[in-house]
Amino acid sequence: MASQLSTQQASVQESFTFQSVSKRSEFLAPAVSVTEMVRACDMVDLTGQASFNFPNFPEANKSFQVLYFKLSSEFESLKGLFNGLISIGQPNGVILEFQKDLNTYSLKFYTSNENTVAGYFSKISKVISEEIRFKKILKKVIENQKSFEAEGQLLRNEIFA
């Protein structure tokens, strides 16, 4: 009887394996180069790029990349938020700097750290996208509140007139 019960439990566990379901589950996209990610991002305009290796030290086998970009005109108002996010800190192997005099950003990294850079850049763009979404929702809530107050004032005027 104990063996029959344990086989039933095993079949139930196989049938109903636990699956993680979350509102914030991430969709894992296929690997894309950082350059392609920056080009595809609507938030920034890629203005230049450079890549070089270190010929004096061929044994290091390292390649260095630099991407130059500006915030697009629609996102120019969020420059303060973007600069704040990059000033919080960056992972090892990523250097994202704002050149105030040129009004451009430079993203510097070794090609071997490309996954780290892609994750960092996607986090920044995700935070900014969530901020834009929040502002849109907040604007609608404020508009609804104002119209509700205006309707209430109209009703009060009609009642007390």
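A residue counts as buried when its relative accessible area is under 20%, as exposed when that area is over 50%, and as partly exposed in between, the area being taken with a 1.4 Å probe and with protein chains only. The structure above is a predicted model, in which local features need a pLDDT of at least 70 and side-chain atom pairs count only at pLDDT 80 or more, while totals for chains, interfaces and linings use all residues. Residues are numbered from 1 along each chain as its sequence is written, and side-chain values use heavy atoms, with hydrogens and water left out.

We can begin with the charged side chains. Side chains of opposite charge can pair when their charged atoms come close. Such a pair is called a salt bridge when a side-chain nitrogen of Lys or Arg is within 4 Å of a carboxyl oxygen of Asp or Glu, and by this rule the model has three salt bridges. One of them joins Glu36 to Arg39, with 3.1 Å from N to O. Both residues belong to helix H2 (residues 34-40), where they are three residues apart, about one turn of the helix; helices (H or I, at least four residues) and strands (E, at least two) are DSSP runs, numbered from the N terminus. Glu36 has a relative accessible area of 40% and is therefore partly exposed, and Arg39, at 48%, is partly exposed as well.

Another salt bridge connects the side chains of Glu76 and Lys79, again with 3.1 Å from N to O. Here Glu76 is partly exposed because its relative accessibility is 30%, and Lys79 is partly exposed with a relative accessible area of 21%. There is also a salt bridge between Lys108 and Glu97, whose closest N and O atoms are 3.1 Å apart. This pair links distant parts of the chain, since Lys108 lies in strand E4 (residues 104-110) and Glu97 in strand E3 (residues 94-99), eleven residues apart. Lys108, at 23% relative accessibility, counts as partly exposed, and so does Glu97, with a relative accessible area of 34%.

We turn next to the aromatic rings. A pair of aromatic rings is described by the distance of the centres and the angle of the planes. Rings of Phe, Tyr and Trp (its six-membered ring) are paired if their centres lie within 6.5 Å, and the planes count as stacked when under 30 degrees apart, as edge-to-face when over 60, and as tilted for the rest. The structure holds seven aromatic pairs. Among them, Phe69 and Phe82 have ring centres 6.3 Å apart and planes at 90°, so this pair is edge-to-face. It, too, links distant parts of the chain, with Phe69 in strand E2 (residues 63-71) and Phe82 in helix H3 (residues 79-88), 13 residues apart, and both of these residues are buried.

For Phe98 and Tyr105, the ring centres are 4.7 Å apart and the planes stand at 40°, which means that the pair is tilted. Phe98 is partly exposed, at 26% relative accessibility, whereas Tyr105, with a relative accessible area of 1%, is buried. Phe69, Phe82, Phe98 and Tyr105 come together with Phe121 in one aromatic cluster.

A charge may also sit over a ring, which requires NZ of Lys or CZ of Arg within 6 Å of the ring centre and within 35 degrees of the ring normal. In this model, Lys62 lies over the face of Tyr110, at 4.8 Å from the ring centre.
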